[in-house]
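Biologist: Please walk me through this model, one feature at a time. Keep it brisk.

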Amino acid sequence: AFASGPISTWRCVIKPRMVIREWTDTAAPAVRGLKFGEDVEVVGEPVQNWLNVKDGGFALISHEKLGKLLEKLDPEITIKVFLDRANDVSTEVKVLRKSTAAELKQKLAESDPTGNTKPEDFYLSLPAAQVEQVKAVADSTELGDEHAELDVVVRSGGADGGERATVDWEAVRDESAKKILAAIGRPYKVLDLEPGAKSADVRRAYHRLSLLHHPDKGGDSDVFKAVGDAYKALSQAKDESGGWRDLEGQAVGPWHGHTRMVKGVNVIRFDHFSCPPWESRRLYSGAFQEGGVRCWELSKGEPGKVQPPPRLLGEIHSGGFLNDVALLSPFGLLTAQSAGLKPQPGESLRTWNLNITPFRIRKDASKAIADGSDGAPNGITDEKRSVGGDGGSWDKKRSVSHAVTDQDEDGEGEGAMVEYEPPAHAQEDLLQSTMIYQHYRGVRSVSLWPRPEHRGTVPQFAATISKDFLALWKINMHGLGLETPSIWKIPDPSGNLDPCILKHETAEHLWSSQNNGIVKCWDINATGSQPLSTCHSQANGSTTGMELWPAAGVMVYSHSSGFGFLDMRGNRVIRNQFTKSKVGGLSTVNFQSPTLFAGIGKDLMQYDTRMFSDGMDSKPKAVGSWTLRAEITAVHSTETNKSHVLVAVGCENGQVAAFDTT
């Protein structure tokens, strides 16, 4: 329906950001984010409240719940040019938005009645508080609303014999330093480049910023170091023989990431914000009864300089029994926990600013993790091969940094830790976290929208569920916490039963499950406190996993006796598939991927779910399997930049494993 037409400019008017999608559906995959105040060019006229973005994708103009998202800008801007600001001598010139300063200078020169003025005779500058500190505007600068007023400054030797315009380099350096310090850990952002920039652009940006921030020229040493670190990270990443390397072609573990607890590892998450080739592959894991979240580095670093993975980066204690973890941004973490017999308001949901409360290695590190009897990880096997990869040689000398203690095959040998003790810094961390006041009883599950799938997806909303409330929150503009109060809530969403899983289908629709097999669909635009639909999934007991394919209108859920498929549009069960062992978790890479991972007993199964074309009685096709030494209790998967599918699992005995399934 979108025909070619004139180019127009629109501005994002919602905080903190909105999303440009692959097609005209709020459930479509995100192409990129659009920050508040950022402009975007579109082709043609709006069609059914959608715009065709020039650079690719589609943008929604307004939202029923959130209001206006985009505002059309006037194609022309009026610029007031001061020829002599002291005597208030000025002229107004109309130019097309995004015209260059060189084009404006040409118009001004042509307007001189004497015909003696040439564009090269003068500069344009932004208004300055002092005449000697003029901020010059480069000829290639695209003009916008920030250039509503400009001054003419005549070059030396010009018609008026004026001074050459100078740049306030101190102000430029200070502004650049603020941006660099705020972007540490994101090399492309530090160098003010787009992800995937060419090597030549990386070198140019590095040399330019190095000159600007060199300590010998008045720069800050910390900023100068950050520029150098960013350049090193990006230049090394171009060659996989040095720098960080992803899990592609590798297998890590299983290793004892947690103590042997009753519920085992119930939280496992890949960090989609930080991953190679320019950063690192990190994994978060947590166990219910421990209450702590641990961060692991899985990237293979430069041989001889970095220990082979996994490397424990540290731990944060949530202050309760851990139920779920969500990554809001590279430095924003959300934890959901059950706070005990007498919970206090705010204890069930906490946000963490990792700039203030980073992951830290516990001082009693020798108690943190136990590994195999030989100090090496227990291997993952399948019917055809041993998935050993090239994760590096395993050396018992690593036991100091990995906090390894010897144990037998069952994981409980001499020195093995079977009771968890919070780290010494736990109380300090809790005081620095932010308590979210809504739920009294434990928050069981968290869902983010848009669904985090890769670094280009920036979540805007978080949904949480407990016995008390089902609530929707807006993530703050920095991605470090939630805006309070919640923007939508429903009391008693599970009829005083225990809720299990919460998932977004679209920005407006949520699905929840509870421990009697009932699944419910919620519409955040509907009035009242009743669900949009209710269906009995025929699950036995609590739901252990849930994944959705919104475009197909199909849900898959797992429970103690197997897993089943639900028609979300027809609100009916399509088929149930029963298993001999409990299904501990499910995972799909994204809403479009037909690949489904299921932890069934000690086996991790990979299924191709494109089976309903053969009839509703068709079963998903098993295309891969891996066997571990303990029952699987958590599963998560992600996709690399090279389209390799990575999967991580947590086990009942506290072990964790991660590997490339491709």
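Modeller: First, the ground rules. This is a predicted model, where local features need pLDDT of at least 70, side-chain atom pairs count only at pLDDT 80 or more, and totals for chains, interfaces and linings use all residues. Residues are numbered from 1 along each chain as its sequence is written, and side-chain values use heavy atoms, with hydrogens and water left out.

Biologist: How many residues does helix α4 have, and how far does the helix reach?

Modeller: Helices (H or I, at least four residues) and strands (E, at least two) are DSSP runs, numbered from the N terminus. The expected span of a helix is 1.5 Å times one less than its number of residues. Helix α4 covers residues 199-213, so 15 residues. From first C-alpha to last, α4 reaches 21 Å, close to the 21 Å expected.

Biologist: Which residues of α4 are buried?

Modeller: Buried means under 20% relative accessible area, exposed over 50%, and partly exposed in between (1.4 Å probe, protein chains only). An α-helix has 3.6 residues a turn, so residues three or four places apart point the same way. In α4 the buried ones are Val202, Ala205, Leu209, Ser210, Leu212 and His213. Seen down the axis of α4, they fall within an arc of 160 degrees, so they line one face of the helix. The arc is taken over directions from the helix axis to the C-beta atoms. On the other side of α4, Arg204 and Leu211 are exposed.

Biologist: Now a sheet. In what order do strands β34, β35, β36 and β37 lie?

Modeller: Strands of a sheet pair through backbone hydrogen bonds, either parallel or antiparallel. Two strands count as paired if DSSP finds at least two bridges between them. Here four strands form an open sheet in the order β34-β35-β36-β37, with antiparallel pairing. β34 (545-549) and β37 (572-578) stand at the edges with a single partner strand each, so one side of each is left without a neighbour in the sheet. The twist averages 15 degrees from one strand to the next. Axes for such angles are lines fitted to C-alpha atoms, for helices over the stretch in contact, and angles run from 0 to 180 degrees between N-to-C directions.

Biologist: How many bridges join β36 and β37?

Modeller: Six, in the antiparallel sense, with β36 at residues 562-567.

Biologist: Which residues of the largest nonpolar core touch the most other members?

Modeller: A nonpolar core is a set of buried Ala, Val, Leu, Ile, Met, Phe, Trp, Tyr and Cys residues joined through side-chain atoms within 4.5 Å. The largest has 18 residues, and Trp511, Val519, Met546, Leu548, Met555, Tyr557 and Leu566 touch the most other members. β30 (499-504), β32 (518-523), β34 and β35 (554-559) each supply at least two residues of this core.

Biologist: What does Leu566 touch?

Modeller: Contact means heavy atoms within 4.5 Å. Not counting residues up to four places away in sequence, the partners of Leu566 include Trp511, Val519, Cys535, Met555, Tyr557 and Ile574.

Biologist: How do β30 and β31 pair?

Modeller: β30 and β31 (residues 509-514) are antiparallel, over four bridges. They form a hairpin with four residues between them. Pro499 has Gln514 of β31 as bridge partner, and His504 has Leu510. Five of the six residues of β30 are buried. In β31, five of six are buried.

Biologist: And what joins β31 to β32?

Modeller: Five antiparallel bridges. Leu510 has Trp522 of β32 as partner. This hairpin has three residues between the strands, and Gly517 takes a positive phi near 90 degrees.

Biologist: Is Thr638 buried or exposed?

Modeller: Thr638 counts as buried, at 5% relative accessibility. Thr638 sits in strand β42 (residues 632-639). Seven bridges join β42 to β43 (residues 645-651), and the two run antiparallel. The bridge partner of Thr638 in β43 is Leu646.

Biologist: Last one. Where does Thr26 lie?

Modeller: Thr26 is in the loop between β2 (17-21) and β3 (30-35). At 19% relative accessibility, Thr26 counts as buried. Its C-alpha is separated by 9.3 Å from that of Pro450, 424 residues apart along the chain. Leaving aside neighbours within four places in sequence, Thr26 is in contact with Arg21, Trp50, Leu60, Trp449, Thr506 and Glu508.
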